[in-house]
Amino acid sequence: TCKNFLKLCKIKYYNFCLFHSIQANFIAQTGDPTGIGTGGESVFGIVYGSESRYYEGEKMPKIKHNKPGLLSMVNCGNNMLGSQFFVTLGTDLQSLEEHCVFAEVTEGHDILVKLNDAICDHQHRPYQDIRITHTVILDDPFEDLPGLIVPLHSPDFTQIKASNGRIGADEKINDEEGLSEAQLQEIKADREAKARATILEIVGDLPDADIAPPENVLFVCKLNPVTTDEDLEIIFSRFGKVKSCEVIRDHATG
């Protein structure tokens, strides 16, 4: 499996392959040049012909799928493997135990987070183009198969490969397009409120920016420096019973 994967990377087979299926906290699947999920072939099929399109995978379930960033080949049936593979996005994925882990992501875990956050349709297909753009081999301990043709440079990305009806990888998305002025003002006010809450969280006035205060709690700011707890209690007691009242002062200035 390692030999098959390395040689496919070496001949740039994976260049521009779509992540055609992403399931949050589970797996992200790629390795099919057609971008559909039913294509692909092993390096042995490329060299020896269609009869060798798949090869029998190793059964070595010693490494568990227990963390993000583990790579396994996709089983095409009867433990036959081709070019498609997946990378784990979750932990303790016991349903994947029949698959053999052959590699691990050592750098770029932030990309795994972005993959996991991708917005997908009901078939787990991302709405936006997410592709493997380039593969580089740092070390290859396996001899090349006789007849394997290794390109001198990476292939060019063509518009034909990009025309899949999805949002382009570099295409800017305007979330405010088509909204009314009232809706835009509401979004702006919501963003400003979240920004203020984040500041309060940073300075320690809120334990969490997303937390909402209880309905029976009132915050009053810009008080006169001489205002006391008793003053506030007298002012607000005419509207109902006040359970507690406290003036929070700046430790430095009072």
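I began with the largest cavity, which has a volume of about 100 Å³. For my own record, a cavity is a set of points, on a 1 Å grid over the protein atoms alone, where a 1.4 Å probe fits but cannot get out, and lining residues have an atom within 4 Å of a point. The volume is the space filled by probe spheres set on the points, with grid points joined across faces, edges and corners.

This is a predicted model, where local features need pLDDT of at least 70, side-chain atom pairs count only at pLDDT 80 or more, and totals for chains, interfaces and linings use all residues. Residues are numbered from 1 along each chain as its sequence is written, and side-chain values use heavy atoms, with hydrogens and water left out.

I listed the lining of the largest cavity: Thr 1, Gly 57, Glu 58, Met 73, Asn 75, Asn 79, Leu 81, Glu 98, His 99, Cys 100 and Phe 102. I sorted that lining by class and got four nonpolar, five polar and two charged residues. In this sorting Ala, Val, Leu, Ile, Met, Phe, Trp, Tyr, Cys and Pro are nonpolar, Asp, Glu, Lys and Arg are charged, and the others, Gly among them, are polar.

How many cavities of 30 Å³ or more does the structure hold? I found two.

**Overall fold.** I then looked up the secondary structure and found six helices and six strands in the protein chain. These are DSSP runs numbered from the N terminus, with helices (H or I) of at least four residues and strands (E) of at least two. Along the sequence I read the pattern α-β-β-α-β-β-β-β-α-α-α-α. Of the 254 residues, 30% are buried (under 20% relative accessible area; exposed is over 50% and partly exposed in between, with a 1.4 Å probe and protein chains only).

In α1 (residues 2-10) I marked Asn 4, Phe 5, Leu 6, Lys 7, Leu 8 and Cys 9 as buried. Their cover includes α2 (43-48), β3 (55-56), β4 (70-75), β5 (80-88) and β6 (101-104). Just after α1, I saw that Lys 12 takes a positive phi of about 65°.

In α3 (residues 109-116), Leu 112, Leu 115 and Asn 116 are the buried residues. They fall within an arc of 95° seen down the axis of α3, so they line one face of the helix; the arc is that of the directions from the helix axis to the C-beta atoms. The cover of these residues includes β1 (21-23), β2 (27-30) and β5.

**Loops.** Is Thr 227 buried or exposed? I found Thr 227 buried, at a relative accessible area of 13%. Thr 227 sits in the loop between α5 (181-203) and α6 (229-237). Leaving out residues up to four places away in sequence, Thr 227 touches Leu 232, Val 247 and Arg 249 (contact means heavy atoms within 4.5 Å).

Lys 222 is also in the loop between α5 and α6, but Lys 222 is exposed at 84% relative accessibility. Its phi is near 60°, a positive value in a residue other than glycine.

How values were computed: 1 Å grid on protein atoms, 1.4 Å probe; cavity = no way out; pocket = protein on both sides within 12 Å on 5 of 7 lines; lining within 4 Å.
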